[in-house]
Amino acid sequence: MTDIAHPLAAPNPHLETSTGLDSRKLAIWTFLGSECMFFASLISTYVVYRGKSLVGPFPHTPWTDPATGQVYEPIIEIPLVTVGTALLLFSSLFIVLALYGAQKGNRKMLLGWLGATIMCGVFFVGMQVYEFTHFVHKGLTLQRNMFGASFFTLTGFHGTHVTIGVIWLLTMFVLALRKQLPPENAINLEMAALYWHFVDVVWIIIFPVVYLMQ
Amino acid sequence: MATTAVGHEALAAAPGEKTGLWSWITTVDHKRVAILYLIGATVFFFLGGIEALLLRIQLAKPDNNFVGPEFYNQLFTMHGTTMIFLAVMPMSQIFFNYIIPLMIGARDVAFPRLNAFGVWVFLLGGLFLNASFLFGAAPDAGWFGYANLTSKQFSPGMHVDFWMLGLQILGVSSLAAAVNFFVTIINLRAPGMRLMRMPMFVWMSFITMILLLLAFPVITVALILLMFDRFFGTHFFVPAGGGDPILWQHLFWIFGHPEVYILILPAFGIISEVLPVFSRKPLFGYAAMVFSGVFIAFLGFGVWSHHMFSTGMGPIADTFFSLATMLIAIPTGVKIFNWIGTIWGGSLQLKTPMLFALGFIAMFIMGGLSGVMHASPPADLQQTDTYFVVAHFHYVLFGGSIFGLVAGAYYWWPKMFGKLLDERLGKIHFWLQLIGFNLTFFPMHMVGLHGMPRRVYTYPKGLGFDGMNQMETVGAFILAAGFAVMLYNIWKTWRTAPPAPADPWNGATLEWSIPSPPQEWNFPEIPTVTGRDPLWEAKRQRGGPLPEPQRVSGQGIHMPAPSYWPLVTALSLPLLFTGLMLASKIGPWGIFIGVATLFFGIYNWLFEPSYTSIPGVRGKAHH
């Protein structure tokens with residue numbers, strides 16, 4: 001009967017599909033293609049509103065409030081975010097190593113590198129939480145000006161994606177701990193990894209556009 | 001092509017055929033999902049139709065006060081939103097769901113539970129949007145929701161909240177379906193079903209999926225920005241805070257123009273199936289049809305600003321978008337000539353589906369021509385915001401999409417429900433619809449050019465609009481009568497018509513090779529395809545009609561297991577958005593409940609076993 005079974009019925013990696021590609025992997029690629037338009041729209045919005053703020057604080061230049069005489073320093077702090085960016089970039093390497101471990105059945109490698117990836121993700125989100133709080137204390141809120149609105153929206157939605165990625169990877173970590181991520185199921189981690197790389201790539205665009213371009 | 005059921009016992013009726021409410025709630029069968037879409041889309045289509053009739057009654061005579069200006073705004077906004085998102089898109093979904101897997105020789109879609117999730121989200125999103133009527137707060141800023149009409153300052157009530165959150169829910173449904181069918185079409189084709197052998201309906205659907213995938217994220221972002229403006233006090237579209245209302249128009253139409261093709265391409269596909277079958281000729285210019293469809297979709301992303309000529313974008317942008325828009329007439333013309341080439345010299349059978357397909361060609365040409373007219377910015381400045389534009393888009397969306405979808409309904413009804421619809425009633429429906437449609441919308445060209453503005457609840461006497469408007473209202477009721485005849489037709493044949501054969505139209509594609517309606521697993525054995533019209537080829541080889549396919553036990557076939565988790569997960573979205581709407585009154589608890597339900601649903605969905613096999617004839621489980 002196996003020759004007439006539905007392709008999806010076979011829970012093995014050699015699914016019989018028209019392209020030979022696993023449908024789940026194709027679905028993740030498709031979804032990420034769609035996500036490109038999501039972030040393209042957010043980044044465009046940010047770029048459209050660059051320099052359109054009526055009041056400070058501004059990202060790269062100081063601003064003096066004409067009413068109170070209070071001086072707002074440039075708000076962006078590049079060193080902190082650079083560390084976060086570096087960790088996110090390294091985590092893309094780590095998850096490749098974790099996936100290699102999963103595919104080879106090397107549980108130690110899988111757990112170690114997956115753990116490292118999750119730590120990087122958690123640090124990145126923590127960095128962002130710190131940064132957001134810091135900005136709010138310095139007077140930059142969603143409502144304050146166009147920079148605040150478009151900055152928090154863009155980086156906030158990216159941060160939400162990282163958070164969802166961390167939850168996804170944590171789930172994979174628990175599965176691996178319970179020995180439920182054998183090599184034939186490595187595709188489950190591969191899908192999370194594809195998503196993780198995508199979130200990383202988006203940040204590679206956001207980082208120069210928001211933090212480096214003056 | 002082999003569809004004989006080797007190794008399967010023939011049966012009068014299949015065992016284990018599931019019935020009852022619970023089997024529908026937990027269904028993941030693409031055919032049942034299609035029927036859920038059918039029920040939802042029909043209800044919303046009639047709601048949108050009633051809204052249209054109320055609008056027409058209001059406009060039947062000058063200085064009328066049948067509905068006041070406020071309710072009139074709600075009616076035209078909900079009519080547009082309903083017809084686009086809750087009627088035409090899900091009507092296309094009926095055929096994506098039911099027909100695509102059958103046409104490509106698959107047992108189900110790639111992700112059956114995601115498919116069920118999509119239909120539940122659509123139904124709940126539609127209810128959410130329409131629940132606004134219960135609070136007297138139906139959306140009233142137009143289906144395009146232009147800033148600043150939607151800003152907190154000018155629309156303080158819940159009208160716009162219902163609209164933006166409702167559309168957000170519906171977007172999730174569209175994206176889920178788009179990912180699913182994109183993967184299904186690429187990956188679940190039967191052996192030999194190469195891309196350039198796929199039926200044209202599958203091709204046009206495939207292109208529609210790409211448009212959905214790339215267009216919907218853009219409106220998602222636009223709606224998020226609007227939500228931030230309304231709920232959190234940002235100024236994305238508020239000039240006083242440095243924002244720009246024109247950005248809304250750009251984001252909306254970068255979505256909105258591809259959306260137009262999302263509405264029309266499935267209808268292109270349907271009539272490309274109907275015309276060959278009732279002309280007894282293969283589709284003319286198959287490759288040209290495929291590539292013109294791809295070209296239309298590609299250009300569709302480069303023309304959005306032709307909706308914005310009146311915003312004053314300057315000569316360079318006007319020229320670019322005007323030329324790009326006129327360019328679309330070329331691939332569209334290629335399609336029309338190919339359809340005419342298909343029926344040219346054929347032995348035409350003027351059955352109901354064929355009549356609607358022919359009606360489609362004629363009506364769509366008229367809509368296309370007026371479209372080319374306002375591709376020219378000077379002409380557009382004259383026509384924009386008048387009934388001329390209303391006439392144009394009803395000729396393409398009603399004369400196009402709806403005529404095509406109705407053709408598909410008459411064509412595939414026997415496959416879906418095992419009953420042929422009555423030909424005589426079908427023809428009455430066709431003539432009522434054709435006459436009613438033209439009576440309603442043709443005069444709008446004239447009153448539009450005479451300057452009658454859209455979206456205004458009444459008009460003064462003596463401007464020369466009176467007679468035309470009366471005619472339009474009469475036409476709208478004739479149109480409604482046409483659909484009443486269709487309902488009567490369904491009811492009558494449901495009760496009295498004999499069971500339909502597997503292949504009532506002498507079809508060319510795989511769905512006609514299996515019983516009507518198909519069994520749960522569609523194909524007892526996956527067919528092998530060797531050409532573009534596999535069933536015609538099989539009949540030619542055999543030298544006559546194929547034997548009636550028999551119902552089989554399907555013993556041992558692995559099928560996706562039923563699940564209620566897609567419904568639970570879908571429920572989390574209206575919960576979450578209701579929580580957002582009420583957050584200022586009850587705090588964040590509603591949002592927490594929504595997110596918790598979402599996670600609860602997703603995790604249970606992911607960790608339940610997802611396959612089962614059809615039990616044996618004597619109830620013996622077989623793995």
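Q: Where is the place of Asn148(B) in chain B?
A: In this predicted model, Asn148(B) sits in the loop between helix H4 (112-131) and H5 of chain B.

Q: What makes the peptide bond from Ala147(B) to Asn148(B) cis?
A: Its omega is near 0°. Most peptide bonds are trans.

Q: Which residues does a cis peptide bond join in chain A, and what is omega there?
A: Gly56(A) and Pro57(A), with omega about -5°. Pro57(A) lies in the loop between helix H1 (23-48) and strand S1 (63-64) of chain A.

Q: What makes the phi of Arg280(B) worth a remark?
A: Phi is near 55°, a positive value, and the residue is not glycine. Most residues other than glycine have a negative phi. Arg280(B) belongs to the loop between H7 and helix H8 (286-300) of chain B.

Q: Which residue just after H4(A) takes a positive phi?
A: Lys179(A), at about 60°.

Q: How do you know that the span of H4(A) is close to the one expected?
A: Helix H4 (residues 146-177) of chain A has 32 residues. From first C-alpha to last, H4(A) reaches 46 Å, and 46 Å is expected at 1.5 Å a residue.

Q: Why are H13(B) and H14(B) called roughly antiparallel?
A: Helix H13 (residues 387-417) and helix H14 (residues 423-449) of chain B pack at an angle of about 165°, their axes 7 Å apart. Angles over 145 degrees count as roughly antiparallel. H13(B) and H14(B) are therefore roughly antiparallel to each other. Their crossing is left-handed.

Q: Which residues make the contact of H13(B) with H14(B)?
A: Among them are Tyr387(B), Phe388(B), His394(B) and Tyr410(B) of H13(B), and Gly426(B), Phe437(B), Met444(B) and Leu449(B) of H14(B). By class, the contact has 13 nonpolar, five polar and no charged residues.

Q: How many residues of chain B are in contact with chain A?
A: 38 residues of chain B, against 34 residues of chain A. Elements giving two or more residues to this side of chain B include helix H5 (159-187) and strand S3 (558-560). H6(B) gives the most, with nine residues. The side of chain B that touches chain A divides into 24 nonpolar, 10 polar and four charged residues.

Q: Over which residues of chain A is the pLDDT below 50?
A: Residues 1-15. Chain A averages a pLDDT of 91, and 93% of its residues score at least 70. Beyond near neighbours in sequence, the stretch 1-15 of chain A has 24 contacts in the model. Where pLDDT is low, the predicted coordinates should not be read in detail.

How values were computed: Residues are numbered from 1 along each chain as its sequence is written. Chains are lettered from A and ligands numbered from 1 in the order in which they are written. This is a predicted model: local features need pLDDT of at least 70, side-chain atom pairs count only at pLDDT 80 or more; totals for chains, interfaces and linings use all residues. Axes are lines fitted to C-alpha atoms, for helices over the stretch in contact, and angles run from 0 to 180 degrees between N-to-C directions. Helices (H or I, at least four residues) and strands (E, at least two) are DSSP runs, numbered from the N terminus. Angles under 35 degrees count as roughly parallel, over 145 as roughly antiparallel, 65 to 115 as roughly perpendicular and the rest as oblique. A crossing is left-handed if the near helix is turned anticlockwise from the far one by less than a right angle, and right-handed if clockwise. Two residues are in contact if their C-beta atoms, placed from the backbone, lie within 7 Å. Ala, Val, Leu, Ile, Met, Phe, Trp, Tyr, Cys and Pro count as nonpolar, Asp, Glu, Lys and Arg as charged, and the others, Gly among them, as polar. pLDDT is the predictor's confidence in each residue, from 0 to 100. The expected span of a helix is 1.5 Å times one less than its number of residues.
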